Amino acid sequence: MSQAQAAPFDVDSVRSDFPILGRAVRDRALVYLDNAATTQKPRSVIDAMDRYYEEENANIHRGVHLLSQQATFAYERARGRIAKFVNAVESAEIVFCRGTTEAVNLVAHGYARPRVQAGDEILVTHMEHHSNIVPWQMLCQATGAKLTVAPVTDAGALDLAGFADRLSPRTRLVAVTHASNVLGTINPIRQLCDLAHECGIPVFVDGAQGAPHLGVDVQALGCDFYAFSGHKLFAPTGIGALWGRRELLEAMSPYEGGGSMIQSVTFEATTFAELPNKFEAGTPNIAGAIGLAAAVDYLNGLGMERIAAYEDELLVYATERLLAVDGLRLFGTAADKVAVLSFALDAAHPHDIGTILDIEGVAIRTGHHCAQPLMQRFGVPAMARASFAFYNTRREVDALVSALGKVREILG
Ligand code: C6P
């Protein structure tokens, strides 16, 4: 641990790293509590991308000129830093992609499609985001396979016995989220992987909501694939990463064809490039990869353990304060959670809650959160959701609670 990491977490100093947090909305200080949708970006990420465009911009992997070499070096160095961030064995196991959604589709097409037949099963959980449901459902429709679903308890935890029961000789893949974007529940990935691996089944982990809050160690988690989105990790939109075990990635077919992913092409046949290039067809998001690596550097500077500890405290405080609001129902009270609080307030429609909160300067998300099966599980069409990052404060929790008081005043 560096000296900076041993110091107490100075949230005001951290906030000053994020230019947007200083702005006002509707003449009030911005209280940004929509971090599960996307996070704000620190100055160092914005600067890294500006610097790339001002000093190094060129296409990569194809130019002999200096700028191209520098851009290639920066892009590949970024890959190395992401590999370290998730403790991959080697940087060739990191495939840059647009984000979690593209990574799921890549695994569904490249890994699962050739290995799944009619009657086989793909096991997901009831708390998955549409991104970790729809691609598998499309695969099932194309192959005659069946989507099976592990249940979620009333507290919003994964029902482990229900999960184990659904691992069958026909299960070809488990696809599970690291943390729920609605309930905040952190799933016991290591345990799920052990159960699945006993049956010889590989595990894909959707890390969209795990990576921003928890230190990710893919080797300790024991999974086979792990995907995350840059924009939820304080980096730009349009970039993310898929980590996969070398042997699985090597056995997979490319998802898209095009430039950069080939070794040789004739009109008769194409041979593909080595990992990871065979999965990165076309000109990639070079600036995005550089921004993502800058975000990872920033997080490493703060220390993921300190981030998690600070957020845990904030979650406890926010949970206590929200539970004290008259008429508030909290969804997701599992023991192990990231700082996401979804709720209903009396009979108020979540969109009305969101609109009144916005007038008070408080940004939350309302709706089905791209998890309609989970809404059905809890018997509601929509929820209001406050989702926190390490730059949020107790003052902001108080602002949320006071704005909810306004909602009750107005809507009764
Ligand atoms: N959830 C939310 O407000 P993309 O769009 O590819 O970056 O991430 C998709 C995704 C996949 N899995 C989980 C668990 C997610 O939370 C998300 C994105 C946002 O909850 C936007 S819908």
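Which residue in β14 does F331 stand opposite? I looked, and F331 faces S342.

I noted the source first. The model is predicted, and local features need pLDDT of at least 70, side-chain atom pairs count only at pLDDT 80 or more, while totals for chains, interfaces and linings use all residues. Residues are numbered from 1 along each chain as its sequence is written, and side-chain values use heavy atoms, with hydrogens and water left out.

Entry on the sheet. I found four strands in an open, antiparallel sheet, ordered β13-β14-β17-β16. Strands are DSSP runs of E with at least two residues, helices are runs of H or I with at least four, and both are numbered from the N terminus. Two strands pair if DSSP finds at least two bridges between them. β13 (328–331) and β16 (365–367) are the edge strands, each pairing on one side only. β13 joins β14 (residues 340–345) through four bridges.

Entry on the helices. I saw helix α15 (residues 394–411) lying across β13, β14 and β17 (383–387), at about 15 degrees to β14. Axes are lines fitted to C-alpha atoms, for helices over the stretch in contact (heavy atoms within 4.5 Å); angles run from 0 to 180 degrees between N-to-C directions.

Entry on H369. I located H369 in the loop between β16 and α14 (372–377).
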